Amino acid sequence: MSTSVAIEQPKSNTLSSRVFSFVPGVILLAAIGYAGKSIEQSISRYGKSHHLSLPNIEYVLWAILIGLAISNTVRIPELFKTGIATYEFWLKLGIVLLGARFLLGDVIKLGGLSLALVVIELAIAIALMTALGRAFKLTPKLTTLLAVGSSICGVSAIIAAKGAIDADDEDSSLAIAAILALGAIALFTFPFIGHLLGMSNHAYGLWSGLAVDNTAEAVAAGALYSDAAGKIAVLAKTARNAMIGFVVLGYAIYWASKGQAQIVHNKALFLWQKFPKFVLGFLLISILATLGVFSKEQLGSLGNLSRWAFLLTFAGVGLRTNLREMQKQGLRPFIVGAVGEILIAAVTLGLVLGADSIFHLS
Amino acid sequence: MSNRKFNLSLDGWAVALALLLALFVRLNIFPRIPW
């Protein structure tokens, strides 16, 4: 399955050949994303011109559906794969640029609340996944990977933990497959539940950022609800991602104490290496925006650049989701993941609704 | 040109490009970006 999260290294070493190897896949991402945007606008225009009240289906869903349809019906040529794998680059670029739409005060206020909820979510998710992994007799390291993937940030966290705890490739593939499959399901269930409960954009965005595991899916699940919810989901998910080093370090120390992983000598360096640096970029752009470096129109332009970057990401989410490959990965890790994710989603929903009633998120 | 000179992580590239785009927008090198 296509679980690559880093830009694949082409065979040739020259910079120009590396750049050109990305071009076909990136054009495909852009074409799918733009087609999604055009479909949304066409439906909206048709409804207006014919005085019909049609449901507004966001471009996000169209881009994901077109990507899903392509990746699950035709075999994508190798030529496109390097470029398609850049979807995570566009995600990070979009998040950093989105920093321009947040004043630092909002980041501290919402990010602080998110961090507090993240700490509770982490403890509950790790405890739940560990108990479920034992109950379903998964290997201890697969259980660790599922716990890390479901508590923090999906695929990146699993890959970071894989190296730190010396897990094998099969366990990490299973954990990644389970997390990606559940992320795809969340895309369609979360907005439905949010609308059913009449959640505010803030509350829903916070919930998506806390409960959906992989960053791309968390951002997409937020954006499917509304633009404002998508922004809050990015902030909450970024706060969650920032915790990756601490959780992976905890597990690395645990497995090293059992003699099944290398001892971490320099913990500060380990934390810095695992820290997602794009979070710093997000904060830097937010600080620049707060200091008034950009005019209102320029802030709008940066926000729109962020949306264009996300457009490519959402197309990539659909393209890299291969349902047949996921089916081959076996049922037990998926069941553990699914039961754990449903419980985590329910607990985080309770946390967010509780925070909403106290802090009146609006 | 060796790619060793461009040994930035994915995050590093994303932050560098975002800052470059922000600079272009700030200096009005880019026109207003539509959506």
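A:Gln298 is buried, because 20 other C-beta atoms lie within 10 Å of its own. A count of 20 or more is what makes a residue buried. This residue belongs to a predicted model. A:Gln298 lies in helix α15 of chain A, and its contacts include B:Val25 and B:Arg26 of the other chain. The briefing starts at this spot and works outward.

**Where the chains meet**

- Chain A gives 26 residues to the contact between the chains, and chain B gives 22 residues.
- On the side of chain B that touches chain A, 15 residues are nonpolar, four are polar and three are charged.
- Helix α15 of chain A spans residues 296-319.
- From α15(A), the meeting residues are A:Gln298, A:Ser301, A:Leu302 and A:Leu305.
- From α1(B), they are B:Leu21, B:Ala22, B:Val25 and B:Arg26.
- This helix contact has five nonpolar residues, two polar residues and one charged residue.
- An α-helix has 3.6 residues a turn, so residues three or four places apart point the same way.
- A:Gln298 and A:Asp213 are 85 residues apart in sequence, and their C-alpha atoms are 32 Å apart in space.

**The nonpolar core**

- The largest nonpolar core holds 126 residues.
- A:Leu97 and A:Ala220 have the most contacts inside this core.
- Helix α8 of chain A, residues 169-196, supplies the largest share of the core, with twelve residues.
- A:Leu97 touches residues of both chains, among them A:Leu302 and A:Leu305 in chain A and B:Ala18 and B:Leu21 in chain B.
- Other contacts of A:Leu97 include A:Ile285, A:Ser306 and A:Ala309.
- In soluble globular proteins, nonpolar side chains tend to be buried together.

**An enclosed helix**

- Why is helix α9 of chain A described as largely enclosed by the rest of the structure? Eleven of its eleven residues, 201-211, are buried.
- The buried residues of α9(A) include A:His202, A:Tyr204, A:Trp207 and A:Leu210.
- Also buried in α9(A) are A:Asn201, A:Gly205 and A:Ser208.
- Its cover includes α5 (104-135), α8, α10 (215-225), α11 (227-241) and α17 (332-359) of chain A.

**A helix pair within chain A**

- Two packed helices are described by the angle between their axes and the distance between the axes.
- For α6(A) and α8(A), the angle is about 35° and the axes are 9 Å apart.
- The crossing of α6(A) and α8(A) is right-handed.
- On the α6(A) side, the contact is made by A:Lys141, A:Leu142, A:Leu145, A:Leu146, A:Gly149 and A:Ser150.
- On the α8(A) side, the contact residues include A:Asp171, A:Leu174, A:Ala178 and A:Ile179.
- The contact of α6(A) with α8(A) divides into seven nonpolar, three polar and two charged residues.

**Two residues with positive phi**

- A:Lys137 is not a glycine, yet its phi is positive, near 55°.
- A:Lys137 sits in the loop between α5 and α6 of chain A.
- Is A:Lys137 buried or exposed? A:Lys137 is exposed, because 9 other C-beta atoms lie within 10 Å.
- B:Asn28 is not a glycine either, and has a positive phi of about 60°.
- B:Asn28 lies in the segment after α1 of chain B.
- B:Asn28 counts as exposed, because it has 12 C-beta neighbours inside 10 Å.

**Chain B as a whole**

- Chain B has one helix and zero strands.
- Chain B has 35 residues, and 23% of them count as buried.

**How confident is the prediction?**

- The model scores ipTM 0.86 and pTM 0.80.
- Chain A has an average pLDDT of 85, and 95% of its residues score at least 70.
- Within chain A, confidence is highest in α9(A), at 93.
- Confidence in chain A is lowest in helix α16, residues 323-327, at a mean of 72.
- Residues 1-7 of chain A have a pLDDT below 50, and this stretch has 19 contacts in the model beyond near neighbours in sequence.
- Where pLDDT is low, the predicted coordinates should not be read in detail.
- Chain B has a mean pLDDT of 83, and 80% of its residues reach 70 or more.

How values were computed
Residues numbered from 1 in each chain as written. Chains lettered and ligands numbered in written order. Contact = placed C-beta atoms within 7 Å. Nonpolar A, V, L, I, M, F, W, Y, C, P; charged D, E, K, R; others polar. Helix = DSSP H or I, 4+ residues; strand = E, 2+ residues; numbered from the N terminus. Core = buried A, V, L, I, M, F, W, Y, C linked by C-beta atoms within 7 Å. pLDDT = per-residue confidence, 0-100. Axes fitted to C-alpha atoms, helices over the stretch in contact; angles between N-to-C directions. Left-handed = near helix turned anticlockwise from the far one by under 90°.
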